[in-house]
Amino acid sequence: MKKKLIYLIALTTILFFKLSFNYDLLSSIAIGIFAYWISSLLIRANDSLPIKELFLSLYGFQYLFGAALAYNGLDEYNPIEYQMRVSSDTYFLYVIPIFLTFSLGYNIFAKKKTIKINRDNIDLWLNKHPQSPYIFIITGFVFSFLTDVFPSNFNFIIYILSGFKYIGLFILLMSYRSIKPFLMALIYGFILISSFKDGMFHDLLIWIIILALLLVYRYKPNWKLKLIGLLLFGIFAIFIQSIKIGLREETWFGKKDTSIDLVENVTKDVVSSNDGLLSMKNLGPNIIRINQGWVLASTMNTVPRIVKHTNGELVLNYVYSALVPRFFDSDKLKSGGHDLVNKYSAHDIGGDTSVALGLFSDVYIDFGAIGAVFCVFLFGLLYGYILNQFYVKSFNYPILILFSTLAFIYPIRPDTDTGSALGNLFKTIMLIWIIFSLYPSYFKIANKNKLNS
């Protein structure tokens with residue numbers, strides 16, 4: 001019944017955008033595919049930890065939905081250098097097949113329609129180790145303050161360990177114990193303050209989404225409450241997007257300290273200069289920023305017309321960089337920056353701006369439209385297999401499934417570079433493996449209930 005409903009929502013969405021807004025067929029299909037995954041996410045969240053659905057919803061949001069909006073009017077709110085540089089047909093005839101192939105690969109191993117969290121087993125484990133969540137939380141906070149203490153080569157490891165505070169909170173949420181609002185406020189208040197201080201909001205938004213999914217899993221609200229929550233999150237995300245640039249100018253370049261007064265003043269400036277937060281003058285430019293497709297479209301316009309395909313070199317470099325520690329090879333490919341984007345998309349991005357090509361651009365650069373379909377299938381296969389292993393092994397190690405949120409925190413972001421996504425994934429898995437291998441009896445439970453209970 002749920003699957004039929006999801007298909008019905010997707011089909012209705014396609015017809016709605018085609019007939020009501022006169023979108024072209026490919027744009028309507030693209031939005032319909034996104035609607036399929038976002039409705040899957042909302043519907044299945046009551047009974048599962050929908051990492052796969054979240055993963056594909058975010059990719060669909062930025063590569064399908066955002067691009068469709070750009071091609072059907074909203075691109076006029078973009079500066080010309082960030083507008084789509086290939087036709088709608090050219091773009092979607094590449095992106096729709098590659099997205100579907102990516103999804104297919106993901107489903108080969110992630111066969112379970114619902115990845116359940118066994119709360120009974122987590123509660124059994126927590127009864128044996130009642131202080132463990134607080135140890136995780138303290139560890140996460142300690143490493144959150146150590147970023148500047150260690151050399152930059154350790155940034156990824158520090159980042160992963162700082163994420164342990166969320167794991168500690170999630171263990172408590174998924175047990176049968178009462179929620180402690182103070183802990184939740186402390187952990188999310190910390191990331192809220194640090195996000196406003198640094199002017200970087202990706203982590204904040206992703207961790208809010210994951211928290212919301214776990215709360216939905218615990219309390220199983222009806223669809224009305226979930227839609228209200230989605231609407232409120234959308235309003236918050238648009239607000240963040242609206243003030244982000246102004247806030248960065250004041251803190252990064254104006255050297256001002258972040259404060260409530262500063263946020264209020266930046267908000268007032270946005271309202272006065274754009275005729276209000278909800279005016280199209282403000283909403284248009286901020287909504288269209290969800291479109292990661294502009295980088296891909298620019299890449300398709302440049303490769304192979306100006307720059308030749310790299311025949312696997314780029315992806316192999318990403319994999320090598322993710323697997324080999326920098327102290328073994330200091331010259332390996334660096335994550336972030338804008339050099340690769342400038343080279344393969346013919347942009348001239350400078351300064352401290354960090355723009356990623358993204359997975360769909362990387363595989364196109366390497367193999368072209370046809371070869372990319374096969375390569376991205378392998379990426380989907382890899383991600384699905386790893387997610388499935390977290391699920392299977394949580395039968396013996398019940399809290400392990402919660403660590404999947406930390407492992408996939410980078411890969412699920414379409415706007416991150418493939419090297420960072422793989423590096424975070426592999427390093428997180430390695431760190432978890434070391435910890436669980438050193439103390440297997442600590443994390444393992446002897447009295448096992450059924451996995452899907």
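Start at Pro304, in the loop between α14 (293-302) and α15 (313-323). Helices here are DSSP runs (H or I, at least four residues), numbered from the N terminus. Select Val303 as well: a cis peptide bond joins Val303 and Pro304, with omega about 5°. Most peptide bonds are trans, and most residues other than glycine have a negative phi.

This is a predicted model, in which local features need pLDDT of at least 70, side-chain atom pairs count only at pLDDT 80 or more, and totals for chains, interfaces and linings use all residues. Residues are numbered from 1 along each chain as its sequence is written, and side-chain values use heavy atoms, with hydrogens and water left out.

**Positive phi**

Select Asn22. This residue lies in the loop between α1 and α2. Is Asn22 buried or exposed? Asn22 is exposed, with a relative accessible area of 62%. The cut-offs: buried is under 20% relative accessible area, exposed is over 50%, and partly exposed is in between (1.4 Å probe, protein chains only).

Now go to Lys220, in the loop between α10 (202-219) and α11. Phi of Lys220 is near 50°, again positive in a residue other than glycine. Lys220 is partly exposed, with a relative accessible area of 42%.

**The α1 and α2 pair**

Select residues 2-20 for α1 and 25-44 for α2. The two helices pack at an angle of about 150°, with axes 8 Å apart. Axes are lines fitted to C-alpha atoms, for helices over the stretch in contact, and angles run from 0 to 180 degrees between N-to-C directions. The crossing of α1 and α2 is right-handed. In a right-handed crossing the near helix is turned clockwise from the far one by less than a right angle; anticlockwise makes it left-handed.

Show side chains at the contact (heavy atoms within 4.5 Å). From α1, pick residues including Leu5, Ile6, Ile9, Thr13 and Phe17. From α2, pick residues including Leu25, Ile29, Gly32, Tyr36 and Ile43. The contact residues divide into 13 nonpolar, five polar and three charged. Ala, Val, Leu, Ile, Met, Phe, Trp, Tyr, Cys and Pro count as nonpolar, Asp, Glu, Lys and Arg as charged, and the others, Gly among them, as polar.

**Helix α12**

Select 260-273. This is helix α12, with 14 residues. At 1.5 Å a residue it should span 20 Å, and its end C-alpha atoms are 20 Å apart, which agrees. The expected span is 1.5 Å times one less than the number of residues.

Which residues of α12 are buried? They are Leu262, Val263, Val266, Thr267 and Val270. Look down the axis of α12: the buried residues fall within an arc of 135°, so they line one face of the helix. The arc is that of the directions from the helix axis to the C-beta atoms. The face turned away from the buried side carries the exposed residues Ile260, Asp261 and Ser272. The cover over the buried residues includes α9 (181-198), α11 (223-253) and α13 (280-287).

Move to Ser195, in helix α9. Ser195 counts as buried, at 4% relative accessibility. Not counting residues up to four places away in sequence, Ser195 touches Met200, Phe201 and Leu204.

Finish at Val86, in the loop between α3 (51-71) and α4 (88-109). Val86 also counts as buried, at 12% relative accessibility. Leaving aside neighbours within four places in sequence, Val86 is in contact with Tyr71, Tyr91, Ala297, Met300 and Asn301.
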